[in-house]
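Dear colleague,

I am passing on the structure we spoke about, together with notes on what was found in it. Please read the notes with the model open beside them.

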Amino acid sequence: MYNPQEVEKEIIKFWEKDKVFDKVRKKNKGNKPFSFIDGPITANNPMGVHHAWGRTYKDIFQRFKAMQGFDQRYQNGFDCQGLWVEVEVEKDLGLNSKKEIEEYGLEKFSKACRKRVEKYSKIQTEQSIKLGQWMDWDNSYYTMDDYNIEHIWYFLKECHKKGWLYKGTKVMPWCLRCGTSLAQHELVDTYEEKTHEAVYFKVPIKNTKNHYLLIWSTTSWTFSSNVAAAVNPSLMYVKAEQDGNIYYLAEKIADKVLRENYKILERLKGNKLIGLEYTGPFDYLPTIKNIKHKIIAWKDVGEEEGTGIVHIAPGCGAEDHELAKRENLPEIAPIDETGDYVEGFDWFTGKNVRNIHKLVVEDLKKNNFLYRTENYRHRYPHCWRCKEELVFRLVSEWFISSDEIRPLMKKNAKSVVWHPEHGGKLMQDWLDNMQDWNISRRRYWGLPLPFYECSCGHTEIIGSKADLKKISVDPKKIDSLPELHKPWIDEIKIKCPKCKKEVSRIADVGDCWLDAGIVPFSTLNYLQDKIYWKKWFPAEFITEMREQIRLWFYSMLFMSTTLKNVSPYKSVLLNEKVNDEKGRPMHKSLGNAIWFDDAVEKIGADVMRWMYSFQNPSANLNFGYQSAKEAKKDLDIIWNLGNYVKLYCKHKKEEAGDVASKWIISRRESAKEKVTKYLEKIQPNQAIAEIKQFLIEDLSRTYGQLIRDDLDNPRIQATLYKSFIDGLKLLAPFIPFVTEKLYQEISNDKESIFLEDWSISERKYIDNDLEKYMMEVKYIIQEILAQRDKAQIGVRWPLPNVLVTNENPNPLEKFKDIIKKQTNVKQVIFKTGQNSIDLDIKITEELEREGYIRELTRRIQELRKKAKLKKEDKIKLHIATKENFLENFKEELKEKVNAADIKVEKKLEKKPKYHSIEKIKDKEFEIGF
Ligand SMILES: [Zn+2]
Ligand SMILES: [Zn+2]
């Protein structure tokens, strides 16, 4: 019985004890390199089954390339910094705000973050070993290491030299809980359906009586900072009377907003409204008091929802901010980084935006600005890490400008081979929409941005630790820095090169995608050893989930284009998401998430890898234990075939032979050719499908059937043996444990299957016609067996003949014996014509007797088996029957069941030691020996 868990434990031990992985690397050392760069896994939690999918691909291709003899680095990576880790550490420590982190102490906090990374990187390493992944685990890279940080500093300095680095004031998505802005690439996939109370409010137009603009908005917290209202100059608006008031709003939506009891007084184009001034709802706030509110033009104003008149608060919305620049409007930023209103906002001051909505509505009502409210469902962005609803805030952040680099990145991305091809298009789309890269985060555990802003106006960008030492006030301090993280790094002050004043580092840390993006430089030791770097750069191959287009693939491409103007990777395999068996996303809250440890314990790593390998990478994988059962069945077949080969195949030298063997050899060699081609073209699912076809369908089922009675033949043993071992070698990168185990059991050519060379196809044995005709023969056999089934004549009863009419029967002639044998038909007649199969089911007396003998033979063999006789043990056989045709078959029977003597009687005189009564059709035979 194949027990994956047992096999896997045993093989892990074997690999460790015999240092097999080291031997593989030693064997390939100095050969042509194949560069794979690992996308770092966040060392923040134990692995889920979705991680194992991507890691399986990594291992498949590295093992395949190793068997091909390529020298490889096998460096695994851990992502260590950023909100991922910080938020989990906050939870662990019971902290829930930046204030609480600072009270707790930054030194302790940083140490706790490092400890978490160390803990989970160790767990993930152990899990990956269980998955069968071969990596140089002692040499994993960590993005928190100083050399990684220094390489990013170097990159930032290069950006600075190109004039791309700048500090800008922009309205950015902001998480109030985490207290930091987020970048464009952190927003995708964070939009969720939410219901908010939307507000219709009315603002009086100056110098009129009871004339109001009707404005609609879902963000009441921003009303205090309203400076303008925008209309679309080319849309049609109306002036409508209701309850003695006159309202202005878009014509198309008027009925939906005003509902009833209103009268349209006038229709007018939006441009007629531009320039009008109005009284804002919060003009009594000190900050707003002197602001003139006016109506401005904006062509993006729509009339599908709202009122066709848009509330503009340039400190609270990205588009508002752009409009403000054009219209020269004041920008008012009402809240601080935690969402508290700042000074100058009267009763708002000190209150938090999260709790302000009701108060705003009450205030509007009290001062006669409220029209009405309604619930509104829309898609709203959330913090990708802590799930808090984001707000948009006017902030000063650091950016890398994207305009100059965009065309270069687009060109470099085109040099990449994407699997699937569609990935290339997605990358181009992302680059088309790429905004300037917001690289600063107001957090703690991350890349310290090496920017020093002096009050004299000079900003110093540091490119290395050595540069920092040169310019620092106290260079000795650099040498005693435990690491380049906060809070330690902030102890280092520099002397401003312009005015000689002492300057501190800015407090911000960097976007964690800088950490991962620099990896093709940092892990290849770019700054220290250019020869080494050149050997391994760019990566031949990388593979991660599709979402990495806007994350890791993007950040690497950005950084590499900046530094070298080339793509850091040549080919990319993308994979999709892992869902549960029913296709629902796995969630802890749904209770359907499967952790890696549970899965590997329950079904074993090879079964998981088999499932991952078969999956089309561009479709979501529905993972569950039911489909695992199907996968296990396939592995059972391979296991059983292995045991069969072990039991029967004593001869290993292959020679040319009969047509069946020629066919399986041809199949084997073409499978080798196809599998290699698929793997070279990064099509793992096609590769394994071909292996399955060869090993399970062709070798185990068809060939196994064809040679069933010929296993004594050394030539057949050798062909079966070689075909199985070659198939096993193709399969080894996919399911390394069971293939290693079977190899150990059956072959002793090498210490490990992974020390074997990749099987190169011997093309001279490939006979495409033979493979094609064999398919037809298989079909003919199936059809004859189906006709037998229909006539309810079991295959043990010989039939006289079959007429096979075929458009081109000549090539099929040489398969006659196979068809006869497999279908137990005495004669196969081919005729040219339209395809049909005509089976003669008349059983003559003679054929019937043959059938009885055949069946009787089988029953006797079974009894021999029960008696635990060996093949060579002779028996003295007694048969009692009323039939008298047995006499004629005595000699044949003797040979088949290895009997020294056969006695046929009417009745058994005395019962022999082994004995049974067999009913065959309506006849009875008593046998014994
Ligand atoms: Zn957050
Ligand atoms: Zn200065």
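Donors are taken to be N, O and S atoms within 2.8 Å of the metal (3.2 Å for Na, K and Ca), and because water is not among the atoms, sites may look incomplete. This is a predicted model, in which local features need pLDDT of at least 70 and side-chain atom pairs count only at pLDDT 80 or more, while totals for chains, interfaces and linings use all residues. Residues are numbered from 1 along each chain as its sequence is written, chains are lettered from A and ligands numbered from 1 in the order in which they are written, and side-chain values use heavy atoms, with hydrogens and water left out.

Because Cys-178 sits in the loop between strands S4 (165–175) and S5 (180–181) and Cys-383 in the loop between strands S15 (370–381) and S16 (391–400), the pair ties together parts that are 205 residues apart in sequence. Strands (E, at least two residues) and helices (H or I, at least four) are DSSP runs numbered from the N terminus. Cys-178 is buried, at 0% relative accessible area, and Cys-383 is buried too, at 1%, where buried means under 20%, exposed over 50% and partly exposed in between (1.4 Å probe, protein chains only).

The zinc ion (ligand 2) is coordinated at 2.2 to 2.3 Å by Cys-454 (SG), Cys-456 (SG), Cys-496 (SG) and Cys-499 (SG), and the site is again tetrahedral, with angles of 101 to 117 degrees. The donor spacing here is C-x1-C-x39-C-x2-C. Cys-456, in the loop between strands S20 (451–453) and S21 (459–461), and Cys-499, in the loop between strands S22 (494–495) and S23 (502–503), link distant parts of the chain, 43 residues apart. Cys-456 is partly exposed at 38% relative accessibility, as is Cys-499 at 29%.

Notes
Four donors count as tetrahedral if all angles lie between 85 and 135 degrees; four count as square planar and six as octahedral if opposite donors are over 155 degrees apart and all others between 65 and 115; anything else is irregular.
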